[in-house]
Amino acid sequence: MKNKFLTVCLFLLVAMACSKQEKSESKELTIISNNSEEDINQIKLEKLEFDIEDLIGRGEAVISNENIYFVDKLNSQLLKFDAEGNYLETPISKGEGPSEIQRFENFIISGDFKYFLSGYTIYEFDQKNELSNRTVLDFYHGSSMKEIESNPQPDDPGIYEVKYSNNEIFVRDGKFYSKIETSNPKLNFLMHEKYYKKSANYGEFDLKTGKILRVLGKKPPIYLKYKYIPHFDFYYHDLSDDEIYISFEPDSLIYIADKDFNFKEAFGVSGKGMIQEYIEVSELDDYDDYWKGNRARNGFYRQIKFIAEDDLLFRTYNTGSKDRSSTEYEDNPLRMQIYKSKVLIGDVEIPNYFKVIGKIGEYFYADGSGGNPDNEEIVVYKFKLE
């Protein structure tokens with residue numbers, strides 16, 4: 001494998017990624033250009049059998065401490081299984097008791113603690129699966145409502161709210177992080193270029209009080225190629241030590257950022273057969289009308305998972321449908337790139353809704369529960385790279 005390192009200004013990144021030159025306030029960014037060594041063109045998937053009956057749930061699977069957890073959002077419960085799918089326990093369930101919860105949208109395990117986000121409320125459960133803290137996210141404690149309404153600024157936390165769709169939360173160094181967005185009439189993704197140039201992607205919160213401390217992260221220059229693409233204003237991340245890997249839907253590059261979400265490096269190869277004929281939308285009435293078609297017919301990059309022990313990174317992406325009349329997401333083929341030491345070593349077909357969630361022993365595990373239309377089973381695959 002051969003890596004070629006080029007250090008260039010973000011000014012040049014714009015020229016390469018966007019074919020449009022824009023001056024940037026960012027410092028230098030290392031772009032890693034690599035020679036692909038695609039040795040892997042298919043993977044053999046084994047579907048796990050879970051020993052649980054009559055499940056009517058909706059959610060996703062995650063891995064922690066070599067166990068599989070199914071986050072059942074429909075029934076507000078957390079189910080725990082071993083690596084072979086054998087049921088172990090239901091550590092948290094729906095209700096008002098000390099180990100119960102009413103509902104939630106997002107979930108993360110951090111050390112011995114479990115965190116749920118329900119609306120704007122954080123529920124923290126300790127190692128005994130008992131509720132140890134509950135707090136509400138506060139975006140406004142340091143903001144002026146007058147300024148928010150009349151002169152919204154991208155560095156003002158008060159203009160933001162929790163990013164509901166495709167949100168991902170995490171806890172690091174005693175702080176709580178959530179994706180954020182703004183729908184302010186004077187600063188939003190439908191009609192303001194400033195949104196794509198200046199708005200933040202993440203909120204950092206005090207875990208005990210819920211008060212927002214900082215807004216962090218910026219969008220890459222690829223968005224300035226369009227005017228505007230709000231249907232693809234989504235991004236995905238994974239943590240590694242003091243770094244965070246971030247992938248943005250329209251961008252072939254994968255960014256490595258520091259703890260303050262400043263981009264340090266970028267690498268990545270365009271997906272195979274990508275169709276990126278995005279319909280630009282700048283009117284509110286057009287947003288819903290073009291949503292399904294835009295995402296069913298076009299290619300975009302999706303979830304990423306970094307496996308530190310192997311220096312491997314997996315990134316899924318939709319290629320786009322050749323049927324330009326399609327409005328069904330299921331018709332948009334999904335593939336997965338595999339990077340080793342930032343070099344592309346594989347690009348394979350995978351089932352829709354597939355995303356790698358971790359590694360146990362010699363096997364990599366992937367969740368596929370999002371593609372379960374009747375919500376009657378937990379879908380988890382395992383595979384090896386050979």
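Please keep in mind that the model is predicted, with local features needing pLDDT of at least 70, side-chain atom pairs counting only at pLDDT 80 or more, and totals for chains, interfaces and linings using all residues. Residues are numbered from 1 along each chain as its sequence is written, and side-chain values use heavy atoms, leaving out hydrogens and water.

Let's start with the sheet. Strands here are DSSP runs of E, at least two residues long, numbered from the N terminus, and two of them pair if DSSP finds at least two bridges between them. Four strands make an open, antiparallel sheet in the order 3-28-27-26. Strand 3 (46-47) and strand 26 (355-360) are at the edges with a single partner strand each, so one side of each has no neighbour in the sheet.

How many bridges join strand 26 and strand 27? There are five, in the antiparallel sense, and strand 27 covers residues 363-367. Lysine 355 has aspartate 367 as its bridge partner, while isoleucine 360 has tyrosine 363. Two residues lie between the strands of this hairpin, where glycine 361 takes a positive phi near 65 degrees.

Is strand 26 mostly covered or uncovered? Mostly covered: five of its six residues are buried, meaning under 20% relative accessible area with a 1.4 Å probe, protein chains only.

Now the cores. A nonpolar core is a set of buried Ala, Val, Leu, Ile, Met, Phe, Trp, Tyr and Cys residues joined through side-chain atoms within 4.5 Å. The largest has 51 residues, and Leu137, Phe139, Phe176, Ile246 and Phe261 touch the most other members. A second, separate core of 18 residues includes Ile307 and Ile345.

Definitions and conventions. Buried means under 20% relative accessible area, exposed over 50%, partly exposed in between (1.4 Å probe, protein chains only).
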